[in-house]
Amino acid sequence: MQKKIFKERGGIQIGDSNSLDKFSASWPSVKIEIDLSILKISYPFHKTIILKKTDIMHIENHKILLYNGIKIYHRRKDLSNHIFFWSFRIQSLLKFLCENGWPVKTEKKPKDDKDGMWLKA
């Protein structure tokens, strides 16, 4: 059986805008690869972030200025809390994540959702 995988090029911002160690790279220098259990982001200078599905609390659609992308909320202490990946096919990326059990926060909310956050997993 072949692994399902999603690949896309885009841009990244790591660290918030006030951070001294903020890193940004624009399209097409960043690559995201996602399979059923690993999310991998590779960016310039041969840096790679690898997150297991269990490392991720949730992922949400997020906008910074004109860029539409995903913000990744994770449990890892060795990585910045702010990881933002953007691309021109963000809806395809979100669809892949939802269909393959990744915890995606959506704007749709079932009636029984009391805390205002619905995670599709």
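## Strand pairing, core and aromatic contacts

H62 stands opposite G69, a residue of β6. This pairing, like everything described below, belongs to a predicted model.

The hairpin of β5 and β6 has 2 residues between its strands, and L65 there takes a positive phi near 55°.

| Strand pair | Sense | Bridges |
|---|---|---|
| β5 and β6 | antiparallel | 8 bridges |
| β6 and β7 | antiparallel | 3 bridges |

Taken as a whole, the protein contains 1 helix and 9 strands, and these elements follow one another along the sequence in the pattern β-β-β-β-β-β-β-α-β-β. Of its 121 residues, 40% are buried. The accessible surface amounts to about 8,000 Å², and carbon and sulfur atoms account for 53% of that area. When contacts between residues at least 6 apart in sequence are considered, 41% of them join residues that are at least 24 apart.

In soluble globular proteins, nonpolar side chains tend to be buried together. Here the largest nonpolar core has 27 residues, among which I34, L39, I41, I70 and I72 touch the most other members. At least two residues of this core come from each of β1 (6–14), β2 (23–34), β3 (38–43), β4 (47–52), β5 (56–64), β6 (67–74), β7 (83–86) and α1 (90–99). The largest share, 6 residues, is supplied by α1. The surroundings of L39 can be given in detail: once its neighbours within four places in sequence are left aside, L39 is in contact with I32, E33, I34, I49, I50, L51, I56, I59, I72 and W102.

Within α1 itself, the buried residues are I90, L93, L94, F96, L97 and C98. An α-helix has 3.6 residues a turn, so residues three or four places apart point the same way. Just after α1, G101 takes a positive phi of about 80°.

A pair of aromatic rings is described by the distance of the centres and the angle of the planes. The structure holds 5 such aromatic pairs. In the pair formed by F6 and F96, the ring centres are 5.6 Å apart and the planes stand at 35°, so this pair is tilted. Because F6 lies in strand β1 and F96 in helix α1, the pair ties together parts that are 90 residues apart in sequence. Both F6 and F96 are buried. The rings of W86 and F88, by contrast, have their planes at 85° with their centres 5.7 Å apart, and therefore form an edge-to-face pair.

Which of these categories, buried or exposed, applies to W86, and which to F88? W86 has a relative accessible area of 9% and is therefore buried, since the cut-off for that term is under 20%. F88 has a relative accessible area of 62% and is therefore exposed, the cut-off in that case being over 50%. Both residues belong to one aromatic cluster, which is formed by W27, Y67, W86 and F88.

Definitions and conventions: Residues are numbered from 1 along each chain as its sequence is written. This is a predicted model: local features need pLDDT of at least 70, side-chain atom pairs count only at pLDDT 80 or more; totals for chains, interfaces and linings use all residues. Side-chain values use heavy atoms; hydrogens and water are left out. A nonpolar core is a set of buried Ala, Val, Leu, Ile, Met, Phe, Trp, Tyr and Cys residues joined through side-chain atoms within 4.5 Å. Buried means under 20% relative accessible area, exposed over 50%, partly exposed in between (1.4 Å probe, protein chains only). Helices (H or I, at least four residues) and strands (E, at least two) are DSSP runs, numbered from the N terminus. Contact means heavy atoms within 4.5 Å. Two strands pair if DSSP finds at least two bridges between them. Rings of Phe, Tyr and Trp (its six-membered ring) pair if their centres lie within 6.5 Å; planes under 30 degrees apart count as stacked, over 60 as edge-to-face and the rest as tilted. Accessible areas come from the Shrake-Rupley method with a 1.4 Å probe; for residues, only the protein chains shown count as cover.
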